[in-house]
Amino acid sequence: MRTRTSLVMTVAGIAALPMPAAAYVRTTTSAGVPTAWKAPCVTMEFSLGSPPLELDAAGYFDAATQAGAAWSQSSLDGVRCTNVIFTVESVPAVAGPVGMDYHNRLIFRKNGWCRDPPPTDPNEPICYDDSALAITTVFQLKNTGEILDADLEVNATDFTWGDFVGHPEQFVPNNTQDFQGTITHEFGHVIGLDHTCFTPGTSSDGLWPVDNNGNPVPDCSSTNLPDIVTGATMYVSVDSPSAEVGLRSLSPDDMQAACDIYTYDPNFVCLAPSGSGSTSGSGGCSYATHPRGVPISGVLVLLALALALLRRR
Ligand SMILES: [Zn+2]
């Protein structure tokens, strides 16, 4: 577990060095193409028929709505600068398997933290790492990077989910997690962002990723990561309740990403929200007309670092 002492020493060490240029990291396909929605009007379907017990359905829905709004309201110098419109829709049906169906789903996995549908490759594990808080699977076109669908699974098997701001009494170390913070991070993956550090062996194209400035992304295992890396909503892990709550508020780099990729245009209108179930429009056409453009999925994980370290002892 990262101690407070080591964190302070890290920050103090950075202060003596030139501050690194602000940066963010985009997800790329296996062809090395950055991913993005063609029209960033993203609706997540959220089934609240039987949520975990810590919050009621309205509480979870409000938290997810706030997480989406964080990205929609990205601003620089106090002025909104992104076309992202990220909304959450409550749906009655129990969320089912992850899949490329033009329905973006937010799914609580309460009865097993395992893949649904199971993997077709017998060499792939059926269940996820139990230290993973949540997993976002993004379906995108390999050669254009266009995102067509994104499904977000929340680990409600190994963790419970609460609101550390409105209900701080819900914090139980290594058990209850802050729902809004984690979901804000995952929504960043949904719009095409990757982590602000890199874990070797996890890139989709086998290459070491670079940030928007063309610089190699720092190694997540480095002991002296700068604060702008660890303080971003798109940092790879959380190790404390305050860190989880911190994910709710986008860092300047997170907002810069939303604004660079989906630059604000006052004339932009969401004609048909992406992932609303419509298979017409650009997404469906791209999929149908490019034989080699079969959507591929990328899986992105937020780890509960403290718990992971605890279990390795
Ligand atoms: Zn992540």
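Why is strand β5 (residues 105–109) largely enclosed by the rest of the structure? Five of its five residues are buried, so the strand is largely enclosed. Buried means that 20 or more other C-beta atoms lie within 10 Å of the residue's own; exposed means 12 or fewer, and partly exposed lies in between, with C-beta atoms placed from the backbone. Strands (E, at least two residues) and helices (H or I, at least four) are DSSP runs, numbered from the N terminus.

The model is predicted: local features need pLDDT of at least 70, side-chain atom pairs count only at pLDDT 80 or more, and totals for chains, interfaces and linings use all residues. Residues are numbered from 1 along each chain as its sequence is written.

Confidence comes next. The pLDDT is the predictor's confidence in each residue, from 0 to 100. Its mean over the protein is 80, and 78% of the residues reach 70 or more. Over residues 1–21 it is below 50, and this stretch has 13 contacts in the model beyond near neighbours in sequence. Residues 274–296 also have pLDDT below 50, with 46 contacts beyond near neighbours in sequence. Two residues are in contact if their C-beta atoms, placed from the backbone, lie within 7 Å. Where pLDDT is low, the predicted coordinates should not be read in detail.

Now the overall picture. The protein has eight helices and eleven strands. Of its 313 residues, 41% count as buried. Among contacts with a separation of 6 or more, 74% join residues 24 or more positions apart.

Back to β5. In a regular strand the side chains alternate between the two faces of the sheet. Both faces of β5 are covered. Arg 105, Ile 107 and Arg 109 are buried on one side, Leu 106 and Phe 108 on the other. Strand β1 (residues 41–47) runs parallel to β5 and is joined to it by two bridges. There, Phe 46 has Leu 106 of β5 as its bridge partner. Strand β7 (residues 147–155) also pairs with β5 in the parallel sense, over five bridges. Phe 108 stands opposite Val 154 in β7. Strands pair if DSSP finds at least two bridges between them.

Helix α3 (residues 179–190) is mostly covered too. Twelve of its twelve residues are buried, including Phe 179, His 185, Glu 186 and His 189. The helix reaches 16 Å from its first C-alpha to its last, close to the 16 Å expected at 1.5 Å a residue. That expected span is 1.5 Å times one less than the number of residues. Just after α3, Gly 192 takes a positive phi of about 110 degrees.
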